[in-house]
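Here are a few notes to keep beside you on a first look through this model. Take the points in order, with the structure open.

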Amino acid sequence: MKLKIAVLPGDGIGPEISAQGVEVTKAVCEKFGHEVTFEHALCGADAIDKVGDPFPEETFRICQEADAVLFSAVGDPKYDNDPTAKVRPEQGLLAMRKKLGLFANIRPVQTFPCLLHKSPLKDELVEGADFICIRELTGGMYFGEKHEGSDMAYDTNKYTRPEVERILKVAFEYARKRRKHLTVVDKANVLASSRLWRKVAQEMAPAYPDVTTDYMYVDNAAMRMIQEPRFFDVMVTENTFGDILTDEGSCISGSMGLLPSASTGSGTPVFEPIHGSWPQAKGQDIANPLAQILSVAMLFEHLGLMEEGRLVRRAVDASLDAEVRTPDIQAPGAPRYGTRQVGAWIADYIRRN
Ligand code: IPM
Ligand code: MN
């Protein structure tokens, strides 16, 4: 297969983990005889500094022309504590999602047997937890009408029926392919937008008789996720709730550096870690590249290249077993490995196996 991949490294640790994602992609393509080309493009604070726009037109064009986007992270402390900044790195990520029509964000929450102790939750609670959060990505408060005055400000949590239907369809179909259990997470006891979600879900559920559908308020879901994470199989929710619950989900796995995601919809799909740009670690070669590398696995799987995806996952598991791990997940007393060494080890494993 011929593959054209747009690479958006972004800010902070972004470029370091991006390079490992590219190495692993190259190794897989060599191994399976795919012809791959990479085109790097600017985004985030890096793009603001260089061209004054966090998602420049040129980047949009490169993404549109690619088969997939490998995205890393955006964000810079110089904008975090400046609420008056007119342009912010995160706007680049939101513009990318909106312009590429990526309404479905798939965030798997998985555990790794050898890392159970890394979770702040008890081993026996997290062992075997394996669910997917499907987060709506182009609607809700992130994109609704806003007003920002000095004495009054608001965001609007608006959803239309077609927006709700298309994301629920993705969720029902995922549930069908997994353990056939869908949890619709909302706040229907308070929010009108949530009542629309619940109504539409109840209307659609009979078309998926093989799927057990339940409904849960988001506050309750946040609690249930840490009390009984194994309860969940597929969870679907709106943009803001999904943002919050998936950070919580990363605690089940034990490190933010482990969770990949895929954003899909009408345009080129984007594969990215769920974590941020961790500016404090920039340039130190300590960032965990596994979330980025597992995003590469999702990229191949999305293109129907299942064997390629499986090999990436196997290589990641092998690196964990061999204790070739970055400091955030390293076993006590085991040697220290940097971002580059972990990436190189995994790419090498792929070439040899
Ligand atoms: C995420 C991030 C983004 C979001 C930020 C960086 C805008 O937290 O992908 O979860 O809120 O969607
Ligand atoms: Mn987030």
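This is a predicted model: local features need pLDDT of at least 70, side-chain atom pairs count only at pLDDT 80 or more; totals for chains, interfaces and linings use all residues.

**Notes for a first reading**

1. The partner of Lys26 is Glu23: the two form a salt bridge whose closest N and O atoms are 3.7 Å apart. Glu23 is also partly exposed, at 29% relative accessibility. Both residues sit in helix H1 (residues 14-32), and because they are 3 residues apart there, about one helical turn separates them. As background, an α-helix has 3.6 residues a turn, so residues three or four places apart point the same way.

2. Glu30 is exposed, with a relative accessible area of 53%, whereas Arg351 is partly exposed at 36%.

3. How many salt bridges does the structure hold? There are 25. One of them joins the side chains of Asp155 and Lys146, at 2.9 Å from N to O. Asp155 is partly exposed at 44% relative accessibility, and Lys146 is partly exposed too, with 46%. Elsewhere, Asp130, Arg178, Arg179 and Asp233 are linked in a salt-bridge network.

4. Next comes helix H2 (residues 44-51), where Gly44, Ala45, Ala47 and Ile48 are buried. Viewed down the axis of H2, the buried residues fall within an arc of 160°, so they line one face of the helix. Those buried residues pack against helix H4 (77-80) and helix H5 (89-99). On the face of H2 turned away from the buried side you will find the exposed residues Asp49 and Lys50. Just after H2, Gly52 has a positive phi of about 80°.

5. Two other residues deserve a glance for their backbone angles. In general, most residues other than glycine have a negative phi. Lys180, although not a glycine, has a positive phi of about 60°. Lys180 is found in the loop between helix H7 (161-177) and strand S8 (181-186), and is partly exposed, with a relative accessible area of 34%. Asp285 likewise has a positive phi, near 60°, in a residue other than glycine. The loop that holds Asp285 runs between S12 and H11.

6. Now step back to the whole chain. It is divided into domain 1 (1-100 + 267-353) and domain 2 (105-260). The contact between them takes 20 residues from domain 1 and 22 residues from domain 2. Taken over C-alpha atoms, the centres of domain 1 and domain 2 are separated by 23 Å.

7. What lies between the domains? The area buried between domain 1 and domain 2 is about 1900 Å², and carbon and sulfur atoms give 67% of it. Across this interface of domain 1 and domain 2 there are 0 salt bridges, while 5 residue pairs are in polar contact between the two domains. On the side of domain 1 that touches domain 2, the elements giving two or more residues are H5, strand S12 (270-273), helix H11 (290-302) and helix H12 (306-321). Which element gives the largest share of that side of domain 1? H11 does, with 5 residues.

8. Finally, is Asn105 buried or exposed? Asn105, which lies in strand S4 (residues 104-110), is buried, with a relative accessible area of 0%. The side chain of Asn105 has a polar atom 3.3 Å from the backbone oxygen of Ala262. A polar contact of 3.2 Å also joins the side chains of Asn105 and Ser263. Leaving aside neighbours within four places in sequence, the residues in contact with Asn105 are Cys133, Ile134, Arg135, Leu137, Ser261, Ala262 and Ser263.

Technical notes: Residues are numbered from 1 along each chain as its sequence is written. Chains are lettered from A and ligands numbered from 1 in the order in which they are written. Side-chain values use heavy atoms; hydrogens and water are left out. Buried means under 20% relative accessible area, exposed over 50%, partly exposed in between (1.4 Å probe, protein chains only). Helices (H or I, at least four residues) and strands (E, at least two) are DSSP runs, numbered from the N terminus. The arc is that of the directions from the helix axis to the C-beta atoms. Contact means heavy atoms within 4.5 Å. Domain bounds come from an automatic or database domain assignment. Buried area is the accessible area (1.4 Å probe) that two parts lose on being put together, summed over both. A salt bridge is a side-chain nitrogen of Lys or Arg within 4 Å of a carboxyl oxygen of Asp or Glu. A polar contact is a pair of N or O atoms within 3.5 Å; within protein, one must be able to donate a hydrogen and the other to accept it, and residues adjacent in sequence count only if both atoms are side-chain atoms.
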